[in-house]
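Good morning, and thank you for the time.

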Amino acid sequence: MLVLGIESSCDETGIALVRADGAALPMLLAHALHSQIEMHQAYGGVVPELASRDHIRRVLPLTRQVLEEAAHTLQDVDVVAYTRGPGLAGALLVGAGVACALGAALGKPVLGVHHLEGHLLSPFLSADPPEFPFVALLVSGGHSQLMRVDGVGRYEMLGETIDDAAGEAFDKSAKLMGLGYPGGPALSRLAEQGDPAAFKLPRPLLHSGNLDFSFAGLKTAVMTQAKKLGDDLEARKADLAASTQAAIVEVLLKKSMTALQRTGLRRLVVAGGVGANKSLRSQLNAVCAKAGIRVHYPELHLCTDNGAMIAMAGAMRLQSGLQEPTRAYAFDVKPRWPLDSL
Ligand code: KG4
Ligand code: ZN
């Protein structure tokens with residue numbers, strides 16, 4: 001079975017083709033990505049209307065490229081999977097519209113996939129895939145969640161952010177420091193040259209006793225610190241970046257370890273854009289090695305949005321029998337869509 005995946009929920013157009021044979025883990029045959037970062041940079045963030053228009057320009061050329069690379073044609077595709085939500089409504093509509101039009105034209109069924117389920121299952125594309133059950137730390141630009149995952153579609157929310165997501169904390173702090181968009185990678189690069197103990201920043205909800213996160217206060221503390229520094233900000237920027245990153249990473253680390261203790265599980269999966277953060281990875285690796293916990297990540301280039309995770313999640317849902325693809329080509333998108341409602 002060949003599954004074509006289309007991702008267009010935000011600022012990257014991602015297309016991929018996976019092969020799923022029987023119950024074996026699906027295999028990635030080819031994938032292609034176009035990031036809109038350069039286009040949105042001039043505005044300091046994603047402009048939804050520009051994002052939608054760019055997805056329209058990219059989606060078919062990328063599809064052709066992926067099929068060519070995999071030495072297949074559109075007629076070989078058995079199911080077209082697309083991101084149905086959550087994300088920007090206009091951007092989602094492009095992927096959903098193209099997927100359903102392709103399905104209708106080819107007479108092949110289509111499948112709407114949850115973007116976060118894509119992130120969650122993306123480590124199954126790595127050379128060291130996890131096994132169920134595990135605790136998942138899902139940290140992207142819009143979501144910060146700890147989940148208990150017992151199988152495909154069996155997700156129990158353990159805790160989530162009550163305000164900003166971890167990626168948002170990176171992005172907003174970076175913006176305050178004049179580091180541009182997207183802030184996460186820029187802030188973490190600068191942090192490598194700074195002292196993480198230079199500034200005392202709050203660790204929100206660290207000792208709350210539950211598994212929820214809150215990052216809005218951290219952003220305010222960074223802003224206050226930046227104002228206090230005034231003209232000295234430029235010289236101390238790396239220290240402030242390192243201190244901000246240290247605060248976010250410590251909270252994510254402690255809460256993940258608490259989730260593992262509470263569930264008694266011995267496996268952690270980290271997914272979503274913030275999962276690319278080097279400091280988070282090295283600290284988690286060290287703590288988990290000590291505690292005898294296995295940690296799994298997606299390949300670095302599949303941490304942020306991509307089509308491979310959507311094709312993969314679609315294929316795994318089909319294999320698990322959880323969802324039938326449909327030949328009803330009328331579509332809707334779900335800009336807001338809680339993962340544990342699946
Ligand atoms: O998963 P993703 O690509 O998109 C969403 O579904 O939101 O995540 C994007 C987020 C952004 O907030 C970005 O700043 C953050 O992931 N990010 C990072 C790093 N790479 C991406 N944050 C910290 N360190 C990184 N290396
Ligand atoms: Zn994402």
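This is a predicted model: local features need pLDDT of at least 70, side-chain atom pairs count only at pLDDT 80 or more; totals for chains, interfaces and linings use all residues.

Let us turn to ligand 1. Which helices each supply at least two residues of the shell around ligand 1? They are α4, residues 115-121, α5, residues 166-176, and α6, residues 183-191. The shell comprises 18 residues, and the closest are His 119, Gly 141, Asp 171, Gly 273 and Asn 277.

Several individual distances deserve attention. His 115 places a polar side-chain atom 3.1 Å from an oxygen atom of ligand 1. The backbone takes part in the list as well: a backbone N or O atom of Gly 184 lies 3.1 Å from an oxygen atom of the ligand, and for Gly 273 the corresponding distance is 3.0 Å. As for cover, ligand 1 on its own has 550 Å² of accessible area, and the protein covers 87% of that.

Is Asn 277 buried or exposed? Its relative accessibility is 7%, so it counts as buried; the cut-off for that term is under 20%. The side chain of Asn 277 also makes a polar contact of 3.0 Å with the side chain of Gln 245.

I move now to a separate site, the second largest pocket. Its space amounts to about 210 Å³. It is lined by 17 residues, of which Tyr 82, Arg 84, Gly 112, Gln 323 and Thr 326 are the closest to its centre. Two strands, β4 at residues 79-85 and β5 at residues 110-114, each supply at least two residues of this lining. Which element gives the most to the lining? It is β5, with 3 residues. In terms of class, the lining of this pocket divides into 10 nonpolar, 4 charged and 3 polar residues.

Ser 144 belongs to strand β7, which runs over residues 144-151. Its relative accessibility is 1%, and therefore Ser 144 counts as buried. Between the C-alpha atoms of Ser 144 and Leu 252 the separation is 9.1 Å, although these residues are 108 apart along the chain. Val 249 is part of helix α8, residues 233-263. With a relative accessibility of 1%, Val 249 also counts as buried. Its C-alpha atom is 9.0 Å from that of Ala 166, a residue 83 positions away along the chain.

Finally, the backbone. Most residues other than glycine have a negative phi, and most peptide bonds are trans. Where do we find cis peptide bonds here? One joins Phe 132 and Pro 133, with omega about -5°, and Pro 133 lies in the loop between α4 and β6, residues 134-139. Another runs from Tyr 181 to Pro 182, with omega near -10°, and Pro 182 is in the loop between α5 and α6.

Gly 44 is 138 residues away along the chain, yet the two C-alpha atoms are separated by 8.0 Å. Gly 44 is located in the loop between α1, residues 37-41, and α2, and it is partly exposed at 27% relative accessible area.

For Leu 205 the angle is about 60°, and its place is the loop between α6 and α7, residues 216-229. Leu 205 counts as partly exposed, because its relative accessibility is 29%.

That concludes my presentation, and I welcome your questions.

Technical notes. Residues are numbered from 1 along each chain as its sequence is written. Chains are lettered from A and ligands numbered from 1 in the order in which they are written. Side-chain values use heavy atoms; hydrogens and water are left out. A residue is near a molecule or strand if one of its heavy atoms lies within 4 Å of it. A polar contact is a pair of N or O atoms within 3.5 Å; within protein, one must be able to donate a hydrogen and the other to accept it, and residues adjacent in sequence count only if both atoms are side-chain atoms. Accessible areas come from the Shrake-Rupley method with a 1.4 Å probe; for residues, only the protein chains shown count as cover. Helices (H or I, at least four residues) and strands (E, at least two) are DSSP runs, numbered from the N terminus. On a 1 Å grid over the protein atoms alone, a cavity is a set of points where a 1.4 Å probe fits but cannot get out, and a pocket is an open set with protein on both sides within 12 Å along at least five of seven lines; lining residues have an atom within 4 Å of a point. Grid points are joined across faces, edges and corners, and a volume is the space filled by probe spheres set on the points. Ala, Val, Leu, Ile, Met, Phe, Trp, Tyr, Cys and Pro count as nonpolar, Asp, Glu, Lys and Arg as charged, and the others, Gly among them, as polar. Buried means under 20% relative accessible area, exposed over 50%, partly exposed in between (1.4 Å probe, protein chains only).
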